[in-house]
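Trainee: I would like to go through this model one feature at a time. Can we begin with the pockets?

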Amino acid sequence: MEKKEIKKTNTIKNKKPILIVDDIHKNYGKVEVLKGISFEIKPGEKVAIVGANGAGKSTISEIIAKVKEPTSGKITYNFKEIKDEKGNIIDLEPVKTKADISSNIGIQFQDSSYPDYYKVKDLVNFIIRASELKISDKEINDLYETFDLSNLKNDVAKGLSGGQQQRLNILLAIVNNPKLLILDEVGTGLDVESRTKIKSYIKSYAKENDASIILVSHNSDEVMELVERVIVIHNGKIHSDLPLKDIIKEWKTFDDYMNNLYLKVFKKDLDLRANKSGREKSKTLKEEKKT
């Protein structure tokens with residue numbers, strides 16, 4: 001018997017959203033990549049964005065991080081904390097300047113584009129200065145140790161291996177103590193020991209700082225360990241938005257849930273695209289023969 005899809009949105013009660021994504025559209029020329037994406041994320045909430053290649057996952061995360069601008073729609077960043085006399089956070093208010101937004105977001109992407117001749121320590125120190133962080137030498141060295149970069153501080157970043165660059169990317173994303181951490185395929189290029197160590201650090205950081213996480217990933221282990229909610233994007237729209245626990249309750253494993261989506265939803269659409277492309281190609285060839 002085929003299992004039914006659940007389409008209930010998960011929320012954390014009694015917390016104002018730290019991020020509100022409202023009807024985001026993104027066009028590249030005549031191609032509409034995002035077709036009205038809307039969701040909210042609460043402080044401390046950990047969310048995975050998954051989907052087939054080309055669905056729009058990375059595009060929406062880049063728009064949230066201000067790397068790209070949307071064609072239309074609005075994102076509200078409630079990063080400003082309002083505290084009472086005892087230092088307790090009683091409300092959140094939006095920040096609007098790109099500098100204020102960027103200083104509260106840590107972003108790690110797979111693709112690395114470092115300035116020529118910059119050493120690992122140069123990049124880390126740049127982020128620390130730009131964020132005006134008060135961080136001790138011991139804390140910095142502990143970070144280098146956590147990400148297995150202690151012996152590479154004086155190496156040119158562009159000369160690092162893929163796995164080493166991945167560890168550096170995650171360190172750079174987290175060193176400014178972000179309220180929102182955006183991760184893209186955390187484990188790519190890393191050995192098992194490094195993946196385990198870094199995932200453990202990310203979980204500890206998020207818990208201790210009540211930081212929110214957006215994880216773009218195809219890796220079921222990463223999703224299972226790092227998030228509590230899963231947003232599926234398909235064809236530039238949100239297909240489903242579910243608590244991870246509900247997915248596991250219904251499907252037993254996250255892999256089974258994703259395999260069902262690929263077979264019943266993603267593959268069907270890819271086949272339609274391929275057939276359409278084939279028909280268009282055939283039509284073009286017939287027209288060329290006539291001429």
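Mentor: We can, and we start with the second largest pocket, which has a volume of about 360 Å³. Keep in mind that this is a predicted model.

Trainee: Which residues are closest to the centre of the second largest pocket?

Mentor: The lining of this pocket consists of 18 residues. Five of them are listed as closest to the centre of the second largest pocket: Pro 43, Glu 81, Ile 89, Leu 92 and Asp 210.

Trainee: Which element gives the largest share of the lining of the second largest pocket?

Mentor: Two elements, helix 6 and strand 5 (89-95), each supply at least two residues of that lining. The largest share is 4 residues, and the element it comes from is strand 5.

Trainee: How many residues of the lining of the second largest pocket are charged?

Mentor: The lining divides by class into 8 nonpolar residues and 4 polar ones, plus the charged group. The number of charged residues is 6.

Trainee: What is the volume of the largest pocket?

Mentor: In general, rolling a probe the size of a water molecule over the atoms shows where empty space is left. For the largest pocket, the volume comes to about 680 Å³.

Trainee: Which elements give two or more residues to the lining of the largest pocket?

Mentor: The lining has 26 residues, and those nearest the centre are Ile 107, Phe 126, Ile 127, Leu 172 and Ala 173. By class, the lining holds 14 nonpolar, 9 polar and 3 charged residues. The elements that give two or more residues to it are helix 2 (98-103), strand 6 (105-108), helix 3 and helix 5.

Trainee: Which residues does Leu 168 contact, leaving aside its neighbours within four places in sequence?

Mentor: Leu 168 belongs to the largest nonpolar core, which has 49 residues. Along with Ile 202, Val 223, Val 230, Phe 254 and Tyr 257, Leu 168 touches the most other members. With the sequence neighbours left aside, its contacts are Tyr 114, Val 120, Leu 123, Val 124, Leu 149, Ala 157 and Leu 160.

Trainee: How many residues are in the other core that lies apart from the largest one?

Mentor: In soluble globular proteins, nonpolar side chains tend to be buried together. The other core includes Ile 49, Ala 55, Phe 79 and Ile 231. Its number of residues is 28.

Trainee: Why do the buried residues of helix 4 lie on the same side?

Mentor: In helix 4 (residues 137-146), the buried residues are Ile 140, Leu 143, Tyr 144 and Thr 146. They lie on the same side of helix 4 because the arc they cover around the axis is only 165°.

Trainee: What covers the buried residues of helix 4, and which exposed residues are on the face turned away?

Mentor: The cover includes helix 3 (120-130), helix 5 (162-174) and helix 6 (192-209). The face turned away from the buried side carries two exposed residues, Asp 137 and Lys 138.

Trainee: Is Asp 148 buried, exposed or partly exposed?

Mentor: Asp 148 is found in the loop between helix 4 and helix 5. Asp 148 is not a glycine, yet has a positive phi of about 55°. Buried means under 20% relative accessible area and exposed means over 50%. At 35% relative accessibility, Asp 148 therefore counts as partly exposed.

Trainee: Is Glu 185 buried or exposed?

Mentor: Glu 185 is in the loop between strand 7 (180-184) and helix 6. Glu 185 also has a positive phi, of about 50°, although it is not a glycine. Its relative accessible area is 10%, so Glu 185 is buried.

Trainee: How many of the residues of helix 1 are buried?

Mentor: The buried residues of helix 1 are Lys 57, Thr 59, Ile 60, Ser 61, Glu 62, Ile 63 and Ile 64. Helix 1 (residues 57-64) is thus mostly covered, and the count is 7 of its 8 residues.

Trainee: Which exposed residues are on the face of helix 8 turned away from its buried side?

Mentor: Helix 8 (residues 244-251) has Leu 244, Asp 246, Ile 247 and Trp 251 as its buried residues. They cover an arc of only 160° around the axis, so they are on the same side of helix 8. The face turned away carries the exposed residues Lys 245 and Lys 249.

Definitions and conventions. Residues numbered from 1 in each chain as written. Predicted model: local features only at pLDDT ≥ 70, side-chain atom pairs only at ≥ 80, totals over all residues. Heavy atoms only, no water. Buried < 20%, exposed > 50% of the residue type's maximum accessible area, 1.4 Å probe, protein only. Arc of directions from axis to C-beta. Contact = heavy atoms within 4.5 Å. 1 Å grid on protein atoms, 1.4 Å probe; cavity = no way out; pocket = protein on both sides within 12 Å on 5 of 7 lines; lining within 4 Å. Points joined across faces, edges and corners; volume = space filled by probe spheres on them. Nonpolar A, V, L, I, M, F, W, Y, C, P; charged D, E, K, R; others polar. Core = buried A, V, L, I, M, F, W, Y, C linked by side-chain atoms within 4.5 Å.
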